[in-house]
Amino acid sequence: MLCLPRKLAFGMTSLLQLVNNAGVAWSSCPDKVLAAKEVLNTNYYGVKNLTHALLPLFRPSAAGSRVVNVSSMAGQLAAVGNNKWKEQLSGEDNLNEEVIECFIQAYLKDRAEGVDTVLLIPNKEVFEAYGDYTLSKAACNAHTRVVARDLANRKEGEKVFVNCMCPGITSTAMSQNKGHSVEEGADTAVWLVLRPASECVTGKFFLKRQDRGFFYIREAFSIDAQSMIPEK
Ligand SMILES: NC(=O)c1ccc[n+]([C@@H]2O[C@H](COP(=O)([O-])OP(=O)(O)OC[C@H]3O[C@@H](n4cnc5c(N)ncnc54)[C@H](OP(=O)(O)O)[C@@H]3O)[C@@H](O)[C@H]2O)c1
């Protein structure tokens with residue numbers, strides 16, 4: 001049996017759905033810039049590159065194809081404290097991959113200089129533990145909107161619905177096994193993949209099967225982020 005990359009390389013298969021689930025919360029690399037890049041490589045560049053690589057292989061379907069990015073409430077725009085970036089990332093027509101890249105570079109510059117001008121997370125310990133993750137998921141959310149907008153005018157039968165979601169605090173290695181069951185965490189992603197085309201929207205952020213927008217989710221501020229920081 002051939003594995004997926006080989007099947008794709010030989011044109012032996014086509015796709016209907018892509019769920020970008022892989023993610024990391026932090027890196028153990030002592031160099032802060034390299035650590036941030038490591039997290040970004042999986043949580044943002046992985047999602048971006050895989051989506052671009054696989055989109056041409058999506059086959060036409062009356063039900064519409066689906067891309068679901070497993071993101072996080074952590075990446076909501078309320079966590080982006082800098083108004084310039086908040087404005088740029090919440091733009092509609094002017095938001096693109098270059099803007100997202102500049103946002104990332106501004107954060108990496110902060111990391112190199114040991115300051116926080118992009119996210120402005122007041123709690124230093126939480127910033128150190130979750131700054132890279134927050135940034136990467138904000139970039140992932142913005143990218144979801146860019147791809148959704150760019151594909152929005154596809155004709156009937158070739159539509160691709162692109163959305164992101166947060167599984168909520170889910171009991172896995174990432175959360176130190178805190179939170180609800182994996183089934184509950186996966187529920188919204190599965191629902192987005194299986195929804196009838198007539199009910200589908202694109203370019204949205206979902207939590208518990210609800211479109212919650214990209215700006216502010218109250219639950220995010222009731223999470224005790226500090227309790228999820230692993231002991232050294
Ligand atoms: N758990 C939560 O409370 C929570 C909350 C909000 C959002 N999320 C998001 O949910 C998603 C799943 O996380 P999880 O809780 O299941 O975390 P997890 O238990 O740590 O699992 C992460 C998964 O991502 C894979 N992965 C990591 N880096 C990869 C890479 N570079 N290439 C390919 N695969 C890679 C891992 O594969 P290996 O096992 O092979 O390393 C593993 O299967 C993530 O995107 C995460 O950000 C989780």
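Here are some friendly notes on the sheet, the helices packed around it and the ligand shell.

1. Before we start: this is a predicted model, in which local features need pLDDT of at least 70 and side-chain atom pairs count only at pLDDT 80 or more, while totals for chains, interfaces and linings use all residues. Residues are numbered from 1 along each chain as its sequence is written.

2. Let's begin with the sheet. It is open, with 5 strands in the order E1-E2-E3-E4-E5 and mixed pairing. Strands here are DSSP runs (E, at least two residues) and helices likewise (H or I, at least four), numbered from the N terminus; two strands pair if DSSP finds at least two bridges between them. Strand E1 (17-20) and strand E5 (210-211) are the edges, each with a single partner strand, so one side of each has no neighbour in the sheet.

3. E1 runs parallel to strand E2 (residues 65-70), and 4 bridges join them. Within this pair, glutamine 17 stands opposite arginine 66 in E2.

4. Two helices pack on the sheet. Helix H2 (residues 32-54) touches E1 and E2, and its direction makes about 170° with that of E1. Helix H6 (residues 182-194) touches E1, E2, strand E3 (160-166) and strand E4 (205-207), at about 165° to the direction of E2. Axes are lines fitted to C-alpha atoms, for helices over the stretch in contact, and angles run from 0 to 180 degrees between N-to-C directions.

5. H2 also packs against helix H4 (residues 97-113), at an angle of about 150° and with the axes 8 Å apart. The two are therefore roughly antiparallel (angles under 35 degrees count as roughly parallel, over 145 as roughly antiparallel, 65 to 115 as roughly perpendicular and the rest as oblique). On the H2 side the contact uses Lys32, Val33, Ala36 and Leu40, and on the H4 side Ile104, Tyr107, Leu108, Arg111 and Ala112; contact means C-beta atoms, placed from the backbone, within 7 Å. By class, these residues are 7 nonpolar, no polar and 2 charged. For the classes, Ala, Val, Leu, Ile, Met, Phe, Trp, Tyr, Cys and Pro count as nonpolar, Asp, Glu, Lys and Arg as charged, and the others, Gly among them, as polar.

6. H4 has another partner in helix H5 (residues 124-151): their axes come within 10 Å and cross at roughly 175°, so H4 and H5 are roughly antiparallel. Among the contact residues are Phe103 of H4 and Leu135 of H5. The contact has 8 nonpolar, 1 polar and 1 charged residues.

7. H2 and H5 meet as well, with axes that come within 9 Å and cross at roughly 15°; they are therefore roughly parallel. Their contact includes Val39 and Tyr44 of H2 and Tyr133 and Cys140 of H5. It divides into 10 nonpolar, 4 polar and 3 charged residues.

8. Finally, the ligand. There are 17 residues around the ligand, and Ala22, Gly23, Thr172, Met174 and Ser175 come nearest (a residue is near if its C-beta atom, placed from the backbone, lies within 6 Å). The shell divides into 8 nonpolar, 9 polar and no charged residues.
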